[in-house]
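Dear colleague,

Please find below the structure that I am handing over to you.

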Amino acid sequence: MRVAVVYSGCKTDPGRVLFEGYNTRPWKSYEEVANNIADTLKQAGFLHVSIFPEGVDLLEKLNRHKIDVVWINSGGVQGIDPVCHLPALLEMAGIPYIGHNPANASILDNKHFFKWGLVAKDIATAPFLVWNNLRGRFPGRDTPRFQRNFADYDGPFIVKPISGRGSVMVEVIDNIEDLADCIEQITQETHNPVLIEKYLTGAEYTVAVCGEVTHKNQHLEIGDSPMAFSQIRRNLDKDERIFTSMDVKPITNDRFTLLDPKHDKKQVDQLIELAHRIFIGFNLETLVRIDIRADENGKMHVIEANPKPDLKRPSPEKTSLVGSGLQKIGMTYDDLILSLFAHCLHNQLKRKTIYHCA
């Protein structure tokens with residue numbers, strides 16, 4: 001089997017795009033993680049593993065190298081809904097891949113789509129409003145939409161791009177009067193609508209969840225439910241009101257607390273239940289990290305689901321929120337990579353869409 005791991009191509013590199021456009025999502029290459037994934041596959045015995053950047057020249061490369069399966073490790077190159085571009089291309093070309101399908105990639109990466117889905121499924125999320133500044137500057141409290149979503153709530157608010165990563169451009173705004181300027185600034189950067197939501201004052205949590213097929217102790221198993229793991233409480237510094245971007249402050253062990261299934265049973269059980277409801281309810285097929293914030297009464301509210309959680313190989317200096325809890329369930333980083341790969345093949349074989357590899 002010939003495998004390619006694809007990271008985000010840079011639009012300024014020669015031949016990557018036809019014409020340079022804008023980025024609605026902050027760009028990052030993810031090339032380092034692509035190398036981590038490729039190295040793991042090679043160590044597991046895959047003989048043909050290539051690494052390519054995403055771009056308009058990718059399909060020709062995949063065809064020339066006779067690639068059977070693509071691992072999507074890209075957030076896109078440029079344009080609207082960039083996380084959808086690669087899976088859509090692969091669907092059109094008939095190449096199986098590890099990653100979210102185009103529809104799910106769009107729902108997960110567009111925070112307002114995902115939150116509307118949470119509301120429809122009766123899963124608690126912070127009250128929110130989406131504002132498109134291209135249709136006029138935000139008028140403040142007097143708009144009926146604000147009243148419908150926030151009533152008499154005066155703040156603070158979280159203001160963020162509808163499509164983003166790593167807390168980039170996420171702001172805490174205390175006064176309603178300051179919302180319009182913040183919305184305008186984010187719109188100028190992203191050319192996209194902006195999400196405004198109620199600031200919740202409780203603890204921050206995360207949980208990772210992936211499919212039922214897992215690799216552990218040199219064996220593959222098919223479980224009865226999605227695998228939820230790495231239940232974490234994020235540790236905020238005194239001056240932090242939200243978790244700071246990993247681009248600003250690396251994820252080190254002192255920045256989070258891995259919850260214990262016995263001592264933190266209530267929180268762990270709630271996180272697992274939310275993870276299963278979201279993975280099954282949104283018909284997901286591969287890894288996501290779910291970010292959760294509690295309100296002043298301790299009730300958990302789902303904030304977003306990260307379709308592209310960090311899969312960097314852990315080191316003594318820094319780790320990832322997803323990988324930090326693997327040891328507790330008897331797995332390694334390599335086990336997780338092979339689990340994600342095996343689950344993809346399992347689904348493709350059930351659909352009878354991968355027999356060209358035989």
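**Findings: strands and helices**

In the antiparallel sense, strand S12 (residues 227-234) pairs with S13 over 3 bridges. Please note that the model is a predicted one. Within this pairing, Arg233 has Thr257 of S13 as its bridge partner.

These two strands belong to an open sheet of 5 strands, whose order is S13-S12-S9-S14-S15 and whose pairing is antiparallel. Strand S13 (256-258) and strand S15 (300-306) each have a single partner strand and stand at the edges, so one side of each is left without a neighbour in the sheet. From one strand to the next, the twist averages 30 degrees. Helix H8 (residues 265-281) packs on this sheet, where it touches strand S9 (204-210), S12, strand S14 (288-294) and S15. The direction of H8 makes about 50 degrees with that of S9.

A second open sheet consists of 4 strands in the order S5-S8-S6-S7, and its pairing is antiparallel as well. Its edges are formed by strand S5 (128-131) and strand S7 (171-173); each has a single partner strand, so one side of each is left without a neighbour in the sheet. Here the twist averages 25 degrees from one strand to the next. Strand S6 (residues 157-161) is paired with strand S8 (residues 194-198) in the antiparallel sense over 5 bridges. One of the residues involved is Pro161, whose bridge partner in S8 is Val194.

How do helix H3 (residues 82-93) and helix H4 (residues 102-109) pack, and at what angle? Their axes lie 8 Å apart, and the angle is about 175 degrees. H3 and H4 are therefore roughly antiparallel to each other. On the side of H3, the contact involves Val83, Cys84, Pro87, Ala88 and Glu91, which meet Pro102, Ala105, Ser106 and Asp109 in H4.

With kind regards

Methods:
Residues numbered from 1 in each chain as written. Predicted model: local features only at pLDDT ≥ 70, side-chain atom pairs only at ≥ 80, totals over all residues. Heavy atoms only, no water. Pairing = 2+ DSSP bridges. Axes fitted to C-alpha atoms, helices over the stretch in contact; angles between N-to-C directions. Contact = heavy atoms within 4.5 Å. Parallel < 35°, antiparallel > 145°, perpendicular 65-115°, else oblique.
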